[in-house]
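Let's take a friendly walk through this model together. Have the sequence and the 3D view at hand as you read.

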Amino acid sequence: MNNQAMQQMGRAVIGQLSRRNLLWGLVGGAGTIATLPLLSQRAIASTDPAARLSELGIELPEVPPPVANYVPFVITGNQVFLAGQIAFRDGELLFPGKVGLNVSVEDAQEAARQVAINLIAALNAACEGDLSRVVRCVRLDGFVASADDFTAQPSVMNGASDLMVGVFGDAGRHSRAAIGVNVLPLDASVEIAAVFEIA
């Protein structure tokens with residue numbers, strides 16, 4: 001590759017980064033999250049997920065078999081769609097009930113964290129035990145069983161979001177929804193579905 005071609009490629013990359021920074025500022029994200037370079041997709045992963053899980057003292061559980069006519073994950077192209085999970089730990093449902101009524105925000109955050117662990121376990125199965133294949137967490141869709149006047153669903157979802165970033169680094173930063181609902185299966189306080197990109 002000659003010098004002129006290399007200079008053109010460099011200008012193209014800088015232009016992409018500038019446009020991305022501008023867009024991020026327009027949507028109100030400036031100062032809240034570092035803009036990720038648009039280079040190699042694998043380059044956005046800043047940690048070894050298996051090592052981070054070990055550092056956090058997290059042992060992934062077995063993926064429970066489906067209880068109805070669905071599968072725990074579907075891979076299409078380079079994306080993994082994970083079925084909704086609830087906060088089971090060692091066969092016990094953590095913090096059932098409605099947040100703002102008989103479940104505290106702190107307990108619901110712990111439930112959301114456990115749901116995130118269960119999602120990572122399903123993702124690990126989809127990746128055949130190699131979480132280094134994860135390019136990024138694309139989206140979390142969170143459902144919080146809520147009292148009629150409860151409006152802090154995003155705070156509950158932080159329990160899951162923080163863990164994704166803790167395990168996957170910048171690759172764990174995602175879009176998400178935090179939705180209040182009347183009731184969830186088995187009286188769970190939190191249910192989350194997820195989409196990941198893998199290599």
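Which residues have the most contacts inside the largest nonpolar core? They are L123, M164, F168, I192 and F196, in a core of 40 residues. Please keep in mind that this is a predicted model.

**The core and its suppliers**

Helix α3 gives the most, with 11 residues. Another core lies apart from it and has five residues, including L93, A145, L184 and A188.

Leaving aside its neighbours within four places in sequence, F196 is in contact with N78, Q79, V80, L82, L123, V134, R136, C137, V138, M164 and F168. Among these partners, L123, M164 and F168 also belong to the residues with the most contacts inside the core.

**Helix α3 and what follows**

Helix α3 has 22 residues and reaches 31 Å from its first C-alpha to its last, close to the 32 Å expected at 1.5 Å a residue. After α3 comes E128, whose phi is positive, near 55°.

| Residue | Relative accessible area |
|---|---|
| C127 | 1% |
| C137 | 0% |
| Q153 | 9% |

Why does Q153 count as buried? Its relative accessibility is 9%, and buried means under 20%. Q153 has its place in helix α4, and its side chain is joined to that of S146 by a polar contact of 3.0 Å. Not counting residues up to four places away in sequence, Q153 touches V144, S146, A178, I179 and G180.

As for the cysteines, C127 and C137 are buried, and the structure holds zero disulfides. A disulfide is a covalent bond between the sulfur atoms of two cysteines.

**The chain as a whole**

Stepping back, the protein chain has four helices and seven strands. From the N terminus on, its elements run α-α-β-β-β-β-α-β-α-β-β. Of the 199 residues in the chain, 36% are buried. Among contacts between residues at least 6 apart in sequence, 77% join residues at least 24 apart. The accessible surface of the chain comes to about 10800 Å², and 54% of that surface belongs to carbon and sulfur atoms.

Terms used: Residues are numbered from 1 along each chain as its sequence is written. This is a predicted model: local features need pLDDT of at least 70, side-chain atom pairs count only at pLDDT 80 or more; totals for chains, interfaces and linings use all residues. Side-chain values use heavy atoms; hydrogens and water are left out. A nonpolar core is a set of buried Ala, Val, Leu, Ile, Met, Phe, Trp, Tyr and Cys residues joined through side-chain atoms within 4.5 Å. Buried means under 20% relative accessible area, exposed over 50%, partly exposed in between (1.4 Å probe, protein chains only). Helices (H or I, at least four residues) and strands (E, at least two) are DSSP runs, numbered from the N terminus. Contact means heavy atoms within 4.5 Å. A polar contact is a pair of N or O atoms within 3.5 Å; within protein, one must be able to donate a hydrogen and the other to accept it, and residues adjacent in sequence count only if both atoms are side-chain atoms. A disulfide is a pair of cysteine sulfur atoms within 2.5 Å. The expected span of a helix is 1.5 Å times one less than its number of residues. Accessible areas come from the Shrake-Rupley method with a 1.4 Å probe; for residues, only the protein chains shown count as cover.
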